[in-house]
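Have the sequence and the 3D view open as you read.

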Amino acid sequence: MSTIKLGANANLSEAKGRSWCVATELQSDIVVEVKDVRFHLHKFPLLSRSGLLNRLVFESRDTQKNRIRLDEVPGGPEAFELAAKFCYGMPVDMDASNVAALWCAAVHLEMTEDLEDGNLVSKAEAFFNTVVLGSWKDSVTVLLSCGKIHAWAERLMIVQRCTESIAWKACTDPRGVRSSHGSRMGSRAQSPSRRSMDLSSSNKQELMKEWWFDDLLKLPVDYFKKVMAAVRVKGMKLELIAGAVALYALSWLPRRSEIEYDQHSFRGKGRLLLEQVLSMLPRGKDLVPSRFLMHLIRMAHLLEADLPCKIDLEQRAGTQLDSAALSDLLVPALDASSCCGLKVDVDLVQRLVEHFVRQDEIVTSNYGSGNSVVLDHRVRVATLVDNYLAEISQDRNLSVARFKALAEALPDSYRASHDYLYTAINIFLKVHPELKDEERKDLCQLLDCKRLSLHSSMHAAQNERLPLRTVMQILFFEHLKLKNSSQANQKLPMEVPKIEGGGTAALQQEIRTIRCELEQMKADFSEFQNHFRSLKLEKQNSDVRSKLKKLGVRIY
C-alpha cells in the first residue's frame, strides 16, 4: 500500500486513556472533544490551519473559550488526531486506509488553501488523485474505508471515482495495470472455483482468469452494486458480471444453519442482500448455472422473501430448465402441511415447468417448432421431468393427482419417447399397491403406447401392476409395428444388382442381417401374442367366475 509522510517536526504526541496531548513545555489552552476522546491542544497551530476551529473560537462571545465539542468530524477521533498532528507539523502517514477519512475530516474542519498553502485538503486530494486512483488495490482499500463516512465520501465523489477507477481496470488488460506493491494484477493465486458451490459452466475457464473477483467480494453490497453497474456501462460481458454476482451471493448470504439458529438476526439482513443480488444479476439464459438459481430459490423461502422476489427467481430458473440436473430440482419442502407431507417441493417444480413452456412458446413463435435447438431443449426437459417423477414416486405421500398434474404440465409434443414416463409410472404403482383400479387406469392414461420402445413394451406386457386394458393396447400397437415392418421387408428385392467394386456381397450381407432381425421381431411378436391370449383367457375366466359367484354357484 502506498504511503506518504506529511510534516517533519519530531515532537511526539501522547495518549493517556481517552485523552490526547502534545509533548511540549507549553500548557494546553484549548480542549477539543471528539466523541469520547479529549484532545488537549494549543490554539495557535489549530486556528492557523482550521477555518472551522478559528470561527468557533473567535466568533464566540466568550473570547476565553477553551473547550470545543466536535461530534460530527468524519472519521471520528482517529481522523481528527491525524489532522491535529498535521497542524503541529508532526509526521502523518497517509495511505489508502485513511486518506478518505482524512480528506473528509479536513474538508469538515475547513483546512483549505485560503488559510495556508499546502493545507490538508489539498494534500489529501492530491494523494487520492495521483496515488490511489492509479492503483487497483488502493482504490479497493479506499472504497472499503468509506463505510463509516458514506455521506461525506459521496459528497466528495470519492465513492464514484473509486468505482469508476475499479471498473476501468477490471475491463482493461491486467498486464497494463499497475499494482500498488509493484506486482502484476494478473498473478492471482486464488480463483472463484474454490467457492463452496460449483459454478462450472461453459465459461468456467474464462471466469477463473478474472483476477478481480476476490478483491471485490470484500466490498459492502452497496459499493459492490455500484462497481457492477459501472463495469456493465463499460461493456463487460454479462457472463462475467453474472459470475461475479453469483460468487458475491455465495460469499455473503447466510447458511441455512445460521438462519435456523438465529432467525431474527439473519433473516432481515439476508432478505435485503438477496433482493440486492437479484437486482444486480443480469437477465439472460444460462448466464449462471441452474444450480445457483435453485440455491437462491431455497434461500428466498428460508428468508421469507417477498413474493415478487420469489416469482422473479422462479422465472429465471424456469427459463433455463433444460440445463438443470435432477439433483437441482430436489428442493426440500419447507412447509410439510402445504406440501401434503411430501419431502420435496413438487409445486415449485411444476411452476418451473410452466415457466419453461411459456418461454418455449415465445421462442417457437420466433424460430419455428421444427428448429433442432428447440426440439433438443424440449427433449431434455421432458427427460428431466420424467426422471424427477420417477424419483418422487418413491414418496408414499405423492398422490395420483399431483403426479398427473406435473406429467401433464409438459405439452404432448415434448416427449419423443414415453420410456422414462413408463418407468416413473411403474415405480409409482409399485410404491402405491393400495391404488384402486380406477386410479391405476387414470394414471396409465398418461402413456402413449405407440411411443414405447420394444424393450419397454416387452416389460410392460408382463407387468402385473398395469391395468389389463393398458397391456392390451401395448400388445396391439406392437403387433401393428411388427406387421408394418414385415410388410416393408417383403418389398425388399430378392435379387441384388451387381455393383462394381465388390459391393454386392456387402449389400447381401446387410439384407441377411435385416432379415435375421425381422425373424427375431417375429419371434418376439409370437411371444406377445401368446401372452396376450393368456391374458385375454384369464380375463374371460375371471368374468365367468364373477358371474357364477353372483348366481351362488360354488367354484372348486
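## Ground rules

This is a predicted model, so local features need pLDDT of at least 70 and side-chain atom pairs count only at pLDDT 80 or more, while totals for chains, interfaces and linings use all residues. Residues are numbered from 1 along each chain as its sequence is written, and side-chain values use heavy atoms, with hydrogens and water left out.

## Aromatic pairs

There are 8 aromatic pairs in the structure. Rings of Phe, Tyr and Trp (its six-membered ring) pair if their centres lie within 6.5 Å; planes under 30 degrees apart are stacked, over 60 edge-to-face, and the rest tilted.

One of them is Trp20 with Phe39, a tilted pair at 5.4 Å centre to centre with 55 degrees between the planes. It links distant parts of the chain, 19 residues apart: Trp20 is in strand E3 (residues 19–22) and Phe39 in strand E5 (residues 37–41). Strands are DSSP runs of E, at least two residues, and helices are runs of H or I, at least four, numbered from the N terminus. Both Trp20 and Phe39 are buried (under 20% relative accessible area, with exposed over 50%, partly exposed in between, 1.4 Å probe, protein chains only). Ring pairs also link Trp20, Phe39 and Phe80 into a cluster.

## A charge over a ring

Arg49 lies over the face of Phe86, 4.8 Å from the ring centre. The cut-off is NZ of Lys or CZ of Arg within 6 Å of the ring centre and within 35 degrees of the ring normal.

## A buried serine

Ser290 sits in helix H15 (residues 290–302). Ser290 counts as buried because its relative accessible area is 6%. Leaving aside neighbours within four places in sequence, Ser290 is in contact (heavy atoms within 4.5 Å) with Gln320, Ser323, Ala324 and Asp328.
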